[in-house]
Amino acid sequence: MANAETASADATPILELQGIGKEFGAIRALHDVDLQVRPGEVIGLMGDNGAGKSTLVKIIAGNFRPTHGEIRFGGNAVHFNRPIDARAVGIEVVYQDLALADNLTAAANVFLGRELKRKFGPIALLDHKAMASRALELFGELRSETRPDDLVKQMSGGQRQAVAIARTRLSNARLVMMDEPTAAISVRQVEQVLGLIHRLKEQGVAVMLISHRMPDVFAVCDRVVVMRRGEKRADKPIHQTSPEEVTALITGAKEAA
Amino acid sequence: MAMPLESPITFSNVGKSKWWQRGIFASQTGYVLLALAVLLVIMHFASPYFFTEGNMQNVAKNFSFVAIATLGVTFVIITGGIDLSVGSMMCFSAIITSMVMTELSTPGGFGASLFVHMAADGKTVVANIPGLILLVSVLAGLLVALLVGLVNGFCIAMLGLSPFVTTLGMLSIVRGLCYVVTNGRGSFPGGPDADYFYALTSGDVFGLPVPFIYLVILALTMAVVLHHTSFGRHVFALGGNEKAAELTGIPVVRVKIEVYVICALAAGLQGIIISGWLGSAPANMATSYELNVIAAAVIGGANLAGGIGGPLGAIVGCVLLEVIRNGLVLAQVSSYWQQALVGVIIILAVLVDRIRSRMI
């Protein structure tokens, strides 16, 4: 993975966080977080529950506004009021609960909110065929045995994951954040998800992987960022650290690196 | 970490589900449709009068009198909401329509000079443009429905009030307004356009009751809107997972307001049609109809938890209730039993669906 890290090291960052802080009343969820993500870079964001990972992701995704600090995306300062604002500039999130509508088909979920339509005079009707074939293509790229016309409620955890990831492939996202994408799926599908992360990387998409699974992070990431008690405790190229060190940083056995 | 991405995907471990486990056959609507068919056969043997042309027309007319409003409330139920104000809404639109029609047809009434003049005999009122009064008064009735729907939608989508409480309040507010504007008395569609009004609300075309024709047109339109437009897809998504709908950028607030407006308009249209059949719009018209309408929708397979429902189910529910009512009358069973039986059917329909979904 070392060559990938050097390849992207000189590129200008797609995402830059400067001094990001977030307080919920008296609770300080995040404090003075700086972070840079370059195109084609895969960052592992690690930390125990309550370390501030989710808050950081939600700030980048536009769910929360930071109390302090500045976000720059593609070189410009950005202020997101809603998730749509973040999506508009090219930030996609695969949520842990996947944000799928169970009562709709896989294809319908992939295209939710950006349906393909065909015009019949003044009326625009859904183009079911085009959406199903595009969704099948995306599932094919993911090597997922998912049929576009199946209802999501009948699907396995891995298939649901594929649907959620296929959604981010639809837009030309420049940063994809994945919240525990490999937590609840089969070993084989973990390989598939990691394969997809590589494909995103090849296309110059930056990926932020939020995960508890050390092997996945070390298999796919260029850099690992460790959060603890709302602060960034480590930010190292993956080949300069080890699972043991990261574990120590997460638990607090080692304060910073 | 290279993946063999080029080889074609195969579905080795996922079988295609059987045809009877998919689509309508696996839905509550399908089961209730089957129950309806069985019931029709039973009725055929139980009463020689059931399948007569007159009785069929009667049945078709009667279920059409609630089915249009049921289509509207089905939209709301699919999003996971509820609208209890439909009964009051039917009455209010009917009252406004007949009051406007009467007012515009009375020489000396507000704005009437634009629409009518006296015939040479000094007694008969003649419309300046035949049908215009009817058009204006029906639009007035639908306009008030639109306003009430907007208020419902605003309170629920923008202020975040519970749909149950908001529309329960609206049930009372609108019913109160019905009594206020009429002073407790009934109002009657009158004037030179009244004949058109009756023809368009309770007449027949080629032996088919007019309300039934409206119902079929609206149901087909609804099917297209629900399954072939992005609005329909968003309605389902909202009922399936509101949070997901919001995260994927669906205009949740707008869609919610729209379904309550659609529901109110359907109820308003239904009320106007009923008043044409009754020949009047009393202030207590359609009291507690909201329960029939919601019962029909639920029996037909709309899920109050949201995400499931459709026009076929709405109509099947209405037909089933009407056939039972009609059957009890033909079988000379006391009509007091009817209401109890409707309750049993609501619970049975939901129970069968629950048992079925556990079996699979």
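1. Confidence, chain A. In this predicted model, chain A averages a pLDDT of 85. Of its residues, 96% score at least 70. Among the elements of chain A, strand E3 (residues 42–46) has the highest mean pLDDT, at 93. Helix H1 (residues 2–9) of chain A has the lowest, at 46. The pLDDT is below 50 over residues 1–8 of chain A. That stretch still has 12 contacts in the model beyond near neighbours in sequence.

2. Confidence, chain B. The mean pLDDT of chain B is 85. Here 91% of the residues reach 70 or more. Residues 1–9 of chain B have a pLDDT below 50, with 11 contacts beyond near neighbours in sequence. Where pLDDT is low, the predicted coordinates should not be read in detail. I would apply that to the contacts of both stretches.

3. The complex. The predictor gives an ipTM of 0.80 and a pTM of 0.84 for the complex. In the model, 25 residues of chain A are in contact with 25 residues of chain B. On the chain A side, the elements giving two or more residues are helix H3 (83–89), strand E8 (123–126), helix H5 (128–141) and helix H7 (187–202). This side of chain A divides into 13 nonpolar, five polar and seven charged residues.

4. Helix H2 of chain B. H2(B) covers residues 53–78. After the helix comes Gly80(B), with a positive phi near 90°.

5. H2(B) against H7(B). Two packed helices are described by the angle between their axes and the distance between the axes. The axes of H2(B) and H7(B), the latter spanning residues 210–228, come within 9 Å and cross at roughly 35°. The crossing is left-handed. From H2(B), the contact uses Ala60(B), Lys61(B), Ser64(B), Phe65(B), Ala67(B), Ile68(B) and Leu71(B). H7(B) supplies Pro211(B), Phe212(B), Tyr214(B), Leu215(B), Leu218(B), Ala219(B) and Met222(B).

6. How many of its residues are nonpolar, polar and charged? The contact of H2(B) with H7(B) has 12 nonpolar residues, one polar and one charged. An α-helix has 3.6 residues a turn, so residues three or four places apart point the same way.

Definitions and conventions
Residues are numbered from 1 along each chain as its sequence is written. Chains are lettered from A and ligands numbered from 1 in the order in which they are written. This is a predicted model: local features need pLDDT of at least 70, side-chain atom pairs count only at pLDDT 80 or more; totals for chains, interfaces and linings use all residues. Axes are lines fitted to C-alpha atoms, for helices over the stretch in contact, and angles run from 0 to 180 degrees between N-to-C directions. Helices (H or I, at least four residues) and strands (E, at least two) are DSSP runs, numbered from the N terminus. A crossing is left-handed if the near helix is turned anticlockwise from the far one by less than a right angle, and right-handed if clockwise. Two residues are in contact if their C-beta atoms, placed from the backbone, lie within 7 Å. Ala, Val, Leu, Ile, Met, Phe, Trp, Tyr, Cys and Pro count as nonpolar, Asp, Glu, Lys and Arg as charged, and the others, Gly among them, as polar. pLDDT is the predictor's confidence in each residue, from 0 to 100.
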